Amino acid sequence: MRQQLSKLTASGGFVHHFDARELLTEHGVFRSFAEALRFPRYFGWNWDALVDCLDDLCGEVTGEGAGIAGVVHDADLLLRTEHFPLLVSVLCQGADRANSAVDLDGDPLDRPAVAEHFVLEFRDFDREKIAACVEQPDLIVTMGNGFVGAALNPEEWH
C-alpha cells in the first residue's frame, strides 16, 4: 500500500490521513472530511452531502485531478460504531462517482474523472470480522491475503 501511495504522490496526487478516533461519531466523520478535503461552506453535514462533496472535490485537494487517497488509521475503533457500514458504503459511493466521467443519468460531466480511493488500516486485522461488519446488499465484499475490499454492487447501483 505504501508503494501505491508513493506512486500517487509522485504523480501529483494527494494522500489525506484520517484518525479513526475523530470518526467515532457521525458529526466527527462530517467534520474530519470537511476539514481535510476542504468541502464548500454549503456542505449539508449529512451522509448524502458527504457523497456529493466526495464526488466534487476541488483541484487543490485532488492535485488538479491527479487523484487522492484517504487513509483511515486505527480503523479497528470504527468496527464498534453503528455507522461503520454506512461510512464504508458512502466512501464507495463517493469514489465511484468521482471515478466516473458521466453523471448518474449517463451524461458527460464537465470535469474529468478523478481517481479516488479510501484505505482503512487496522491494527488487528481479522478479515472475516471486518468483512462481516462491512457486508450489506449495496456492496460487494472481497477478501484476499491481507485485505478486505468493498465496492458498490452494480446490481444495486448502476
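The model is predicted, so local features are reported only at pLDDT of at least 70 and side-chain atom pairs only at pLDDT 80 or more, whereas totals for chains, interfaces and linings use all residues. Residues are numbered from 1 along each chain as its sequence is written, and side-chain values use heavy atoms, with hydrogens and water left out.

**Helix α2**

Begin by selecting residues 26–36, which form helix α2; helices (H or I, at least four residues) and strands (E, at least two) are DSSP runs, numbered from the N terminus. Within α2, colour Gly 28, Val 29, Phe 30, Ser 32, Phe 33 and Ala 34, which are buried, where buried means under 20% relative accessible area, exposed over 50% and partly exposed in between, with a 1.4 Å probe and protein chains only. Then show β1 (14–19), α3 (47–55), α5 (84–98) and β3 (116–120), which are among the elements that cover these buried residues.

**The nonpolar cores**

Next, select Val 29, Phe 33, Leu 37, Phe 39, Phe 43, Leu 50 and Leu 54, the residues that touch the most other members of the largest nonpolar core, which has 36 residues. A nonpolar core is a set of buried Ala, Val, Leu, Ile, Met, Phe, Trp, Tyr and Cys residues joined through side-chain atoms within 4.5 Å. At least two residues of this core come from each of α2, α3, β2 (68–73), α5 and α6 (127–134), and the largest share, 7 residues, is that of α5. Apart from this core lies another, of 5 residues, including Leu 5, Leu 8, Val 15 and Val 71.

Centre the view on Leu 37 and display its contacts (heavy atoms within 4.5 Å): leaving aside residues up to four places away in sequence, Leu 37 touches His 16, Phe 18, Leu 54, Leu 57, Val 61 and Ile 68.

**Two positive phi angles**

Most residues other than glycine have a negative phi. Select Arg 38, in the loop between α2 and α3, where phi is positive, near 50°; Arg 38 is partly exposed, with a relative accessible area of 49%. Then move to Asp 74, in the loop between β2 and α5, which has a positive phi of about 60° although it is not a glycine, and which counts as buried at 19% relative accessibility.

**Strand β5 and Leu 152**

Select Leu 152 in strand β5, a residue that counts as buried at 11% relative accessibility. Beyond four places along the sequence, Leu 152 touches Ser 89, Cys 92, Gln 93, Asp 96, Asp 138, Leu 139, Ile 140 and Trp 157.

**Cysteines**

From there, select Cys 92, which is buried at a relative accessible area of 13%. Its sulfur is 15 Å from the closest cysteine sulfur, in Cys 133, and that is too far for a bond. The structure holds 0 disulfides, a disulfide being a pair of cysteine sulfur atoms within 2.5 Å.
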